[in-house]
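Colleague: I am new to this structure. Could you walk me through how to read it?

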Amino acid sequence: MNRIHLFLLAVALSATAAFFPLQAQDTGYFLHTVGKGQSLYSIASMYHVSIDDIVRLNPGSDAKIRAGQALKIPQAVTANMRQKKFHTIQAGETLYQLTVKYQVSAQAICAANPGLSTSNFRIGQVIVIPEETASAPATTVAAESSTPSPRQDKGWKTMHKVEKKETIFSISRQYGITQEELIAANPELRTNKLKKGSFLFIPYAKSDALAAPTEPAAPSVAPTNEELFSQSRPAASPWGKRLKAALLLPFTGTNGSADEEQVRMLEFYEGFLLAADSLKRQGVSMDIYTYDTQGSQQVVKQLMEGQSLKEMDVIFGPNQTEATQALAEFARKNQTRLVVPFSNKVEEVFSNPYVYQVNTPQSYLYSEVYEHFIRRFGKTNVVFVSDGTSKEKEEFLKGMKEELKANGIGFQQVQLDGEVDGTKVIAAMDTLRQNVFIPTSGSNTALIRLLPHLTLVRREHPNFDMHLFGYPEWQTYTSEHLASFYELDTYFYSSFYTNNLFPEAIRFIYNYRRWYSKDMRNTFPKYGMLGFDIGYFFLKGLTEQGNRLEEQLDKVQVVPIQTGFKFERVNNWGGFINRKVFFVHFSNDYELIKLDFE
């Protein structure tokens, strides 16, 4: 009986901790709100904990998590994060209150959270609370100029978090002070109601006068978030210098030879040089430094030990995933932006504000696709079609079905194999509504088997509202199915795409041939175009925005040839991931349209 009682008590305490998230800050975990596109892997990487640690605190999360869900994350102490504590902002909290609570300056908090601002300092946001060191800059805020630093003695006894049903009278009695003394220490109480979750300064009682510190008293009005942010951020300064950019790419192997990978890297570099030349013709002043890493971590290490790389404004590379961690730490130490063009698995982006990941991770890519799909097709009838073979799109399809359910959109699945017959297709359709057919495989074999069934229905029933929706790899065999794509009013998503008939593409292909006397290799993506787009975006952005680039990324206006850019910071203390996704539309009017949803 006692065991049952203890079990029920434990359940009640657990429920209480979940209901009052503020208490979670002191129970060994904090709360993280799942963002769009985040996975357990990315969340675990973000906080330097294991997936098992998260699942242990959140049973069932290994099966499914959803955007907006609150997860308990353990406060980890590791070699990399030993000077950091995570805090979930609560209702009514201010930046000033955090400086008092954690005894750390506003400047230190802002420096540790470059993505934090007045606009997103809101309930549910997770921030890093750094361990202020002797070398950390002191808080020099006008509103605090006559106020002791949070590390100095305070003019009040303690701080109190207002709980439900508390009153000014009950709080005054709790601390043995008068209501007038409490209001004098918290003048906002004269005009504002007492709110649950807010913080109050508790002054020393007059009887405690001898115990009170002799330092200056606390300010009658605490500084606002706007005041602290505006004066804790470094002032913007014009670029005013010649841009220095470095490329670290494996042009040769360790034995001096060049394989397929090195050929792609050379094309990337050639496209990058075309971007630099285009900008120089517009008056941009820059120096490009190029290093052959030979695919060796040791070569990258030697480059980081030299002086030249420390003087760069931006570094592009490396191609080796193994070398990314060391180079990312080098970029952090030297406050140099690191652009990682190729890998879609860059763990450093979750904890390093200087890292840009160009190649979008699949979970982020999928979330963007779901959002654009629903925006484009709305309340449609979705039919998943299978040829009975490959299931390599299970992860994408699982997420798509969950998103359709969440938005009240119906769907079903049919298997089309054997003799070509439109019966199953028609049976799955809503002939009075729009119908979108999504193959469960992105392979060419699946298309060869499925397209005859769908085109048969299209030809026999031209008035049916039918569309085909698919995957980035369809670019590689578009020419084989072009007529069917147009006939079925086909869409596919991709983070890269170019139409060789676009004016920008025509111009680039002409210049590439003129410069290098060759054509690019027929790969997807084309690495020459990738090098051009990445080089043009960052060199132009840094020249125009200087040290304000991170705040003005949406102001960098470029017309991409192949790869678009929509960089978003992954959290308040980490770097940026490119979340740009296009839809390519082969319309039944025989138009080829690249849909940009931004």
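Modeller: Start with the inventory. The protein chain has 18 helices and 20 strands. Keep in mind that this is a predicted model.

Colleague: What percentage of the residues of the protein chain count as buried?

Modeller: Of its 598 residues, 50% count as buried. Look at the contacts too. Among those with a separation of 6 or more, 70% join residues 24 or more positions apart.

Colleague: Let us take the sheets. In which order do the strands of the open sheet that contains E13 and E20 run?

Modeller: Read the sheet from one side to the other. The order is E13-E12-E14-E15-E16-E19-E20. That makes seven strands, with mixed pairing.

Colleague: Why is one side of strand E13 and of strand E20 left without a neighbour in the sheet?

Modeller: Strand E13 (411–415) and strand E20 (592–596) stand at the edges, and each has a single partner strand, so one side of each has no neighbour there.

Colleague: How many bridges join E12 to E13?

Modeller: Five bridges link strand E12 (residues 381–386) to E13, and the two run parallel. For one example, find Val385. Its bridge partner in E13 is Val414.

Colleague: Which helices lie across this sheet?

Modeller: Take two of them. Helix H13 (residues 394–406) lies across E12, E13, strand E14 (435–439), E15 and E16. H13 runs at about 160° to E12. H16 lies across E15, E16, strand E19 (582–586) and E20, at about 70° to E19.

Colleague: And the other sheet? What is the order of the strands that include E8 and E17?

Modeller: This open sheet also lists seven strands, in the order E8-E7-E9-E10-E11-E18-E17, and its pairing is mixed. Strand E8 (286–292) and strand E17 (567–569) are the edge strands, each pairing on one side only. The twist from one strand to the next averages 20°.

Colleague: Which residue in E18 is the bridge partner of Tyr356?

Modeller: Phe576 is that partner. Two bridges join strand E11 (residues 355–357) to strand E18 (residues 576–578), and these strands run parallel. Helix H11 (residues 321–334) packs on the sheet. H11 touches strand E7 (243–249), strand E9 (314–316), strand E10 (337–340) and E11, and its direction makes about 155° with that of E10.

Colleague: Next, the cores. Which residues touch the most other members of the largest nonpolar core?

Modeller: Look for Phe373, Phe396, Phe437, Ile438, Phe469 and Tyr493. The core holds 48 residues. Helix H12 (residues 362–377) gives the most to this core, with seven residues. Another core, of 44 residues, lies apart from it, with Tyr356, Met520, Leu549 and Val556 among them.

Colleague: Which residues is Ile438 in contact with?

Modeller: Set aside its neighbours within four places in sequence. The partners are then Phe373, Val382, Val383, Phe384, Val385, Leu397, Met400, Phe469 and Tyr471.

Colleague: How do I read a pair of aromatic rings?

Modeller: Two values describe such a pair: the distance of the centres and the angle of the planes. A search of the whole structure finds 45 aromatic pairs. Take Tyr471 and Tyr493. Their ring centres are 6.2 Å apart and their planes stand at 75°, so the pair is edge-to-face. Tyr471 lies in the loop between strand E15 (466–470) and helix H16 (478–487), and Tyr493 in strand E16 (residues 490–494), so the pair ties together parts 22 residues apart in sequence.

Colleague: Is Tyr471 buried or exposed?

Modeller: Tyr471 is buried, at a relative accessible area of 0%. Tyr493 also counts as buried, at 1%.

Colleague: What sits over the ring of Phe377?

Modeller: The charged end of Arg376 does, 5.2 Å from the ring centre. Likewise, Lys401 lies over the face of Phe384, at 5.0 Å from the ring centre.

Colleague: One last residue. Where is Pro472 found?

Modeller: Pro472 is in the loop between E15 and H16. Pro472 is buried, with a relative accessible area of 18%. Not counting residues up to four places away in sequence, Pro472 touches Phe492, Tyr493 and Ser494. The C-alpha atoms of Pro472 and Phe582 are separated by 9.8 Å, with the two residues 110 residues apart along the chain.

How values were computed. Residues numbered from 1 in each chain as written. Predicted model: local features only at pLDDT ≥ 70, side-chain atom pairs only at ≥ 80, totals over all residues. Heavy atoms only, no water. Core = buried A, V, L, I, M, F, W, Y, C linked by side-chain atoms within 4.5 Å. Buried < 20%, exposed > 50% of the residue type's maximum accessible area, 1.4 Å probe, protein only. Helix = DSSP H or I, 4+ residues; strand = E, 2+ residues; numbered from the N terminus. Contact = heavy atoms within 4.5 Å. Phe/Tyr/Trp six-rings, centres within 6.5 Å; stacked < 30°, edge-to-face > 60°. Lys NZ or Arg CZ within 6 Å of the ring centre and 35° of its normal. Pairing = 2+ DSSP bridges. Axes fitted to C-alpha atoms, helices over the stretch in contact; angles between N-to-C directions.
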